[in-house]
Amino acid sequence: MRPVYVLNGPNLSRLGVREPDVYGAESFADLAALCRDTGRGLGLSVEVRQTDDEAEMVTWLHEAADGRIPVILNPAAFTHYSYALRDAIAQRTAPLIEVHITNPATREEFRHTSVVAAVATGTIAGFGLRSYVLALHAVAESQG
């Protein structure tokens, strides 16, 4: 099975607790199970990770680039300011899809800018946890 990393940034471990009216009632464990189950059905071996540490996320992106491993990335707050993540993503050697549970364009002004979108293969946002499912389908259908 083809490996895929599903990488999640700050505060996503708090799904189900953090602003459930915005992010939903499902937990991070629910998200991880959904990604693994969806991946299995698509012939993908999905590894789900979460960190609040920018340096750790950069390390994981380097690991993916070195291994030519596709990535589904919810950079969370890093989306809006992390040029370190942007530069790590620019080194990608396989598809990288930026995902968001909500649609940042419909939220606060500071969320409207993504510094990582220009170096991602594509962006899927606003479909709740289904954003991850759509991204996994996109990876499964890609040749890269």
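This is a predicted model: local features need pLDDT of at least 70, side-chain atom pairs count only at pLDDT 80 or more; totals for chains, interfaces and linings use all residues.

Visitor: How many helices and strands does the protein have?

Guide: It has 5 helices and 5 strands. Helices are DSSP runs of H or I with at least four residues, strands are runs of E with at least two, and both are numbered from the N terminus. Along the sequence the pattern reads β-α-α-β-α-β-α-β-β-α.

Visitor: Why are H2 and H5 called roughly parallel?

Guide: Take the angle. The axes of H2 (residues 28-41) and H5 (residues 130-141) cross at roughly 25° and come within 10 Å. Axes are lines fitted to C-alpha atoms, for helices over the stretch in contact, and angles run from 0 to 180 degrees between N-to-C directions. Angles under 35 degrees count as roughly parallel, over 145 as roughly antiparallel, 65 to 115 as roughly perpendicular, and the rest as oblique. So H2 and H5 are roughly parallel to each other.

Visitor: Is their crossing left-handed or right-handed?

Guide: The crossing of H2 and H5 is right-handed. That label is given if the near helix is turned clockwise from the far one by less than a right angle, and left-handed if anticlockwise.

Visitor: Which residues make the contact?

Guide: From H2 come Leu31, Leu34, Cys35, Thr38 and Gly39, and from H5 come Tyr132, Val133, Leu136 and His137. Contact means heavy atoms within 4.5 Å. By class, there are 6 nonpolar, 3 polar and no charged residues. Ala, Val, Leu, Ile, Met, Phe, Trp, Tyr, Cys and Pro count as nonpolar, Asp, Glu, Lys and Arg as charged, and the others, Gly among them, as polar.

Visitor: Why is asparagine 8 called buried?

Guide: Its relative accessible area is 0%. Buried means under 20%, exposed over 50%, and partly exposed in between (1.4 Å probe, protein chains only). So asparagine 8, at 0%, is buried. Asparagine 8 lies in strand S1.

Visitor: What makes the pairing of asparagine 8 with tyrosine 132 a polar contact?

Guide: The two side chains meet at 2.6 Å. A polar contact is a pair of N or O atoms within 3.5 Å; within protein, one must be able to donate a hydrogen and the other to accept it, and residues adjacent in sequence count only if both atoms are side-chain atoms. Asparagine 8 also touches Arg49, not counting residues up to four places away in sequence.

Visitor: Is arginine 49 buried or exposed?

Guide: Arginine 49 is in strand S2 (residues 44-50). Its relative accessible area is 13%, so it is buried. Its contacts beyond four places in sequence include Trp60 and Glu63.

Visitor: How do you know that arginine 68 is exposed?

Guide: Its relative accessible area is 58%, so it counts as exposed. Arginine 68 is in the loop between helix H3 (54-67) and strand S3 (71-74). It has a positive phi of about 55° although it is not a glycine.

Visitor: And why is asparagine 11 called partly exposed?

Guide: Asparagine 11 has 37% relative accessibility, so it is partly exposed. Its place is in the loop between S1 (2-8) and H1 (20-23). Its phi is also positive, about 75°, although asparagine 11 is not a glycine.

Conventions:
Residues are numbered from 1 along each chain as its sequence is written. Side-chain values use heavy atoms; hydrogens and water are left out.
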